[in-house]
Amino acid sequence: MLRRDFMKAGTALSALSLVGMGAARPAGAAESSNFDSTTVRTLAHQLSQQAYQPPSQTLPAPLRNLNFDQYSSMAFRSEQALWHGENLGFDVEFFPRGYLYAPRIEMNEVIDGQSRPITFNPDMFTYNDPALRVSDDIGFAGLRLRAPINTPGVMEEFCVFLGASYFRAVAKGQNYGLSARGFANGTGDPAGEEFALFRAFWLEKPKAGVDSVVVHALLDSPSLAGAFRFTIRPGETTVFDVQSYLYPRKTLAESGIAPLTGMFYFDANDRARVDDWRPAAHDSEGLLMWTGSSQQLWRPLRNPRDLQFSAFSDVRPHGFGLMQRKRAFTDFEDVALNYEKRPSLWIEPIGDWGAGAVDLVEIPTPNEVNDNIVSFWRPQDGLTAGREYIFTYRMYWGWDTPWPTRLARIAATRVGESTDDSHTRFFDLDFVGAPFDHLPENPHFHLQCRTSAGEIRNVVVEPVPPIHGWRSTFEFAPGDAKVAELNCVLADDNGPVSEEWVYRWTP
């Protein structure tokens, strides 16, 4: 289970000197080195040819065994931010080491093709407890990017890289929610998951008037090394253009490309074992897929009783993402956590990703503290040791997908006990969208359904004027089945008019 809010880095990682291979030198060094588009890629390939050596986790005594409150009390001074006051549209703040963030992560600034390490200074931070101020050159744990994303002239945090290879971002008007990662390996495996680490960053100083910032990152783990280039544009939708180069140290069968990680605690489709006054609590409510054959699939998320793996085979996918469609305060009624303002994250592959599957891992959680949802692209043939793999994609952090659809969408999935039979489940699906904008006088819609086990019966389709949409209800009798895959699509006399609803039922 993954801890939320970036408390996720507890991996055993400690120190490899990168000096002499074009990487970050110790923070106290002043030397600069040449840097171009191949620097991190070359370094990652060289690292992959060597045995893995984690970065240093050694910390001065005052910073060992910090609790969350102690760690949070060390706040970065905004006036110390990289590029502060230079009117570049961006600046960068850094996180101290400690708590769950022991690995030393090297930071570098790139100006006009020259890379120079960013030096740690204890005066970059304020300290509620003076004992936490240490003069040692301890380096940094991560970084945050700031820009005037909501108010002109006011610098606000919109992106964070902190903990293993985790990062997250928001669009204008949003709060943090789900996260992304550089790479996933062994997610949900009983033997344990391996967490790759962004062990060094290079921050390209932007030119005045430019609306994007470029961040390079060096990925490393016992299984592979990698190079990432992020071109980041904050705004109404915050967009990351990602170029990734992966170099496996060993052959990987279960590799995860463009992994997304979030939390689903409960909603109207699944509130078993939950006694909570709110209507729902989740970062994301569904996995949306646009397949290579142009199917649009909607898979509502669940908080299952037992760990669940789902794989949606595909070839050359158009995209996938963990989506938050509920956008009204009344959908959650939580004034503190504001789930309705959390971003959806859509992954758009650039180029041919070939054959593979969109994997979904749903992990049981007793509360909303833990990340229990993971989704990623798994290449069909895995990754072979000694080879280079290139994955280019675009990430959209925002309110919805970046592309319009003429298909009706699933606005809600509700599940409960049938009034006639306690062993039968009652399903309610709400559809909204373009097909209902200009209806004929007597529209004829019906629900096309199928199930891998049990029986679907008593299907009803009817208009729902308050939502400007249509509703279908049905009963599902599982019989002796322990699991069933349900599929439904709304259709008229000419064929399907909605995305396809796919659902895994378990007792």
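Biologist: What relative accessibility does Ser294 have?

Modeller: This is a predicted model, where local features need pLDDT of at least 70, side-chain atom pairs count only at pLDDT 80 or more, and totals for chains, interfaces and linings use all residues. Residues are numbered from 1 along each chain as its sequence is written, and side-chain values use heavy atoms, with hydrogens and water left out. Buried means under 20% relative accessible area, exposed means over 50%, and partly exposed lies in between (1.4 Å probe, protein chains only). Ser294 counts as partly exposed, at 45%.

Biologist: Where is Ser294 found?

Modeller: Helices (H or I, at least four residues) and strands (E, at least two) are DSSP runs, numbered from the N terminus. Ser294 is found in a loop, between β20 (286-290) and β21 (296-300).

Biologist: What is the phi of Ser294?

Modeller: Most residues other than glycine have a negative phi. Ser294 is not a glycine, yet its phi is positive, at about 75 degrees.

Biologist: What is the phi of Asn65?

Modeller: Asn65 is found in the loop between α1 and α2 (68-72). At 79% relative accessibility, Asn65 counts as exposed. Asn65 is not a glycine either, and its phi is positive, at about 60 degrees.

Biologist: Which residues of helix α1 are buried?

Modeller: Helix α1 covers residues 39-48. Its buried residues are Thr39, Val40, Leu43, Ala44, Leu47 and Ser48.

Biologist: Within what arc do the buried residues of α1 fall?

Modeller: The arc is that of the directions from the helix axis to the C-beta atoms. The buried residues line one face of α1, because, seen down its axis, they fall within an arc of 160 degrees.

Biologist: Which strands do the buried residues of α1 pack against?

Modeller: Contact means heavy atoms within 4.5 Å. The buried residues of α1 pack against β2 (33-34), β13 (197-204), β14 (213-220), β15 (224-233) and β16 (238-248).

Biologist: Which members of the largest nonpolar core touch the most other members?

Modeller: A nonpolar core is a set of buried Ala, Val, Leu, Ile, Met, Phe, Trp, Tyr and Cys residues joined through side-chain atoms within 4.5 Å. The largest one has 86 residues. Those that touch the most other members are Phe94, Phe161, Phe230, Phe240, Leu246 and Met395.

Biologist: How many residues are in the second core?

Modeller: The second core is separate and includes Met323, Phe445, Ile456 and Trp501. Its residue count is 30.

Biologist: How many aromatic pairs are there?

Modeller: Rings of Phe, Tyr and Trp (its six-membered ring) pair if their centres lie within 6.5 Å; planes under 30 degrees apart count as stacked, over 60 as edge-to-face and the rest as tilted. By this rule the number of pairs is 40.

Biologist: Which residues do ring pairs link into a cluster?

Modeller: Trp397 is one of the members.

Biologist: Which ring does the charged end of Arg325 sit over?

Modeller: A charge sits over a ring if NZ of Lys or CZ of Arg is within 6 Å of the ring centre and within 35 degrees of the ring normal. Arg168 meets this rule with Tyr176, at 4.4 Å from the ring centre. For Arg325 the distance is 3.8 Å, and the ring belongs to Trp298.

Biologist: What is the relative accessible area of Phe125?

Modeller: Phe125 is found in strand β7 (residues 125-126). Not counting residues up to four places away in sequence, its contacts include Met74, Phe94, Pro96 and Phe140. Phe125 is buried, with a relative accessible area of 2%.

Biologist: How many disulfides does the structure hold?

Modeller: A disulfide here is a pair of cysteine sulfur atoms within 2.5 Å. The structure's count is zero.

Biologist: Which cysteine has the sulfur nearest to that of Cys449?

Modeller: Cys449 is in no disulfide. At 29% relative accessibility, Cys449 counts as partly exposed. The nearest cysteine sulfur is 3.4 Å away and belongs to Cys488.

Biologist: Which residues does Ser313 touch?

Modeller: Ser313 is found in strand β22 (residues 308-315). At 67% relative accessibility, Ser313 counts as exposed. Not counting residues up to four places away in sequence, Ser313 touches Gly356 and Ala357.
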